[in-house]
Amino acid sequence: MGLIAHDSPLGQELLAFEEERRRALISGDAAALDRILHPDLVHVHSSGMVHGKAEFIAHVGRMGGFVDITRGPVELRTTGAGGALMTGPTVNRVRRLDSGEIVDLTAFGTVVALRGADLWQVLLSQITLRK
């Protein structure tokens, strides 16, 4: 695996994709999420709960989208075979489903994306809470 410079064409493409992912999660845009999430998506929540694509899109819909997602510096790496790894700090501001309370989840975020014929798709996403 090799680092991808942010100012390289591939780096710019991946950062734009990450921004598209962020916007789709905040807006709760099911159509955009359906397009950018790989059919075999595995999403691991900070609680350890695991969702596939349909369950994750439904979960985001029940939340009414994320309140906000603020990414820190994102490190980009190639994985070979048309894949990329994006890692770095994130603060996900969410609305708790049980209480409606808005909380900030300060975490480390990981996204594995695959390049298809005409777009990137998220294969794996995970956040791990930081204390």
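I am working from a predicted model, where local features need pLDDT of at least 70, side-chain atom pairs count only at pLDDT 80 or more, and totals for chains, interfaces and linings use all residues. I number residues from 1 along each chain as its sequence is written, and side-chain values use heavy atoms, with hydrogens and water left out.

**Ile57.** I looked up Ile57 and found it in helix 3, residues 53-63. Helices (H or I, at least four residues) and strands (E, at least two) are DSSP runs, numbered from the N terminus. Is Ile57 buried or exposed? Ile57 counts as buried because its relative accessibility is 16%. The cut-offs are under 20% relative accessible area for buried, over 50% for exposed, and partly exposed in between (1.4 Å probe, protein chains only).

I then listed contacts (heavy atoms within 4.5 Å). Setting aside neighbours within four places in sequence, Ile57 touches Ala30, Leu33, Asp34 and Leu37. Ile57 and Leu33 are 24 residues apart in sequence, yet 6.8 Å apart in space, C-alpha to C-alpha. With the neighbours within four places again left aside, Leu33 has contacts with Ala24, Leu25, Lys53, Ile57 and Val60.

**Core.** I checked the largest nonpolar core, which has 29 residues. Such a core is a set of buried Ala, Val, Leu, Ile, Met, Phe, Trp, Tyr and Cys residues joined through side-chain atoms within 4.5 Å. Leu33 and Leu37 are among the residues with the most contacts inside this core. Elements giving two or more residues to this core include helix 1 (9-27), helix 2 (30-36) and helix 3. Strand 6 supplies the largest share, 5 residues.

**Salt bridges.** A search of the whole structure gave me 11 salt bridges. I count a side-chain nitrogen of Lys or Arg within 4 Å of a carboxyl oxygen of Asp or Glu.

- Glu20 and Arg35 pair at 2.6 Å, N to O. Glu20 is in helix 1 and Arg35 in helix 2, so this bridge ties together parts 15 residues apart in sequence. Glu20 is partly exposed at 23% relative accessibility, and Arg35 is partly exposed at 42%.
- Asp104 and Arg93 form a bridge, with the closest N and O atoms 2.6 Å apart. Asp104 sits in strand 6 and Arg93 in strand 5, 11 residues apart. Asp104 is partly exposed at 39%, as is Arg93 at 35%.
- Arg96 and Glu101 meet at 3.9 Å, N to O.
- Glu19, Arg22, Arg23 and Asp68 are linked in a salt-bridge network.
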